Every structure is written in C-alpha cells, then in structure tokens.
Amino acid sequence: MEIKKTTFDEISQLNQIISRSKSFWNYDQDYLKAAIPLIQITEAWLLKHEGYTLREDKDILGFIGIEIFDSYWKLEHLWIDLKKIRKGYGRKSIHFLCQVAREQKITKILILPDPPAENFYLNLGAEFTGKKMVSRIPNGPIFQEMIFIL
C-alpha cells in the first residue's frame, strides 16, 4: 500500500468510497441521505486541507483528510473502501498520519469519529477529551471528541 497526496482527479472516486464507507455503519437511511453530502470532499476543500489517498497498485483503497492548525491537526476524514475494512488499512493510515505529524512537530491530532468507530481509535491510543457534539442532522448521533497525543 502507498499513501500519497490526493489529487483533484481522485475526488470523484474518493467521494464514492466516503459514501459507501459511511454506510458501513448501521445508520438510518434518512440520516445517511442528509449526512453524506456534508462529508463529501470538493476541490475547494482540498485547497484548504491536506488529503492523502491510499492506493494499492492502481486501486484507490481509502482517504485521509486533515485540517491543519498551528499546534495540532484535526482528522476530518478516514475512510476505507468496504472491501478493505478490517484488514489493517485504517490502522496503517493512523500510523502514517502520526508519523507525518511527529515529523512536522505536531503533538496532537483531534478526531470527531462516528460513534461506532470510537473503539477503533481507542485501540490505537486515542483518548476522549470530554467534549461532545450533536450531529448537524436532526436525530443524528452524538459525537465524542477524541485526541491522539503524540
């Protein structure tokens, strides 16, 4: 697997992966219909954020997207193609992200994960910050902020 900076020509494929990956969790279809457009990436998003595409041979496997601040990063996207979920690609993505952050002297990575993904991040060493956020979608989940301290 290789991880490289995302290019504009990958956006369409990545949005398909984002849609399918978000649907992996057993959310209500009305929630998904409203939520997925809010998490799709655009050229404008990519101009203001860092994106990394996971590839194996010519296949796109997933996407990492971060917002960069002076002293920390915010992981906004970690999406793995459905065929590759639970095969170690998410773990490798987090290890990659933490390594790049350390190289750039970043000491914290914040995350606001989908509730079903919280254990994934806990198992990799993230901790809850105590901050909670209600979904922008009516009747959506409550998200709990997490942090990796590097």
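## Helix α1

Helix α1 covers residues 11-22, and its 12 residues reach 16 Å from first C-alpha to last, close to the 16 Å expected at 1.5 Å a residue. Helices here are DSSP runs of H or I with at least four residues, strands are runs of E with at least two, and both are numbered from the N terminus. The expected span is 1.5 Å times one less than the number of residues.

This is a predicted model, in which local features need pLDDT of at least 70, side-chain atom pairs count only at pLDDT 80 or more, and totals for chains, interfaces and linings use all residues. Residues are numbered from 1 along each chain as its sequence is written, and side-chain values use heavy atoms, without hydrogens and water.

## The largest pocket

Now for the open space: the largest pocket has a volume of about 1,200 Å³. A pocket is an open set of points on a 1 Å grid over the protein atoms alone, where a 1.4 Å probe fits, with protein on both sides within 12 Å along at least five of seven lines; lining residues have an atom within 4 Å of a point. Grid points are joined across faces, edges and corners, and the volume is the space filled by probe spheres set on them.

Of the 40 lining residues, Leu78, Trp79, Leu112, Pro113 and Asp114 lie nearest the centre of the largest pocket. Strand β4 gives the most to this lining, with seven residues.
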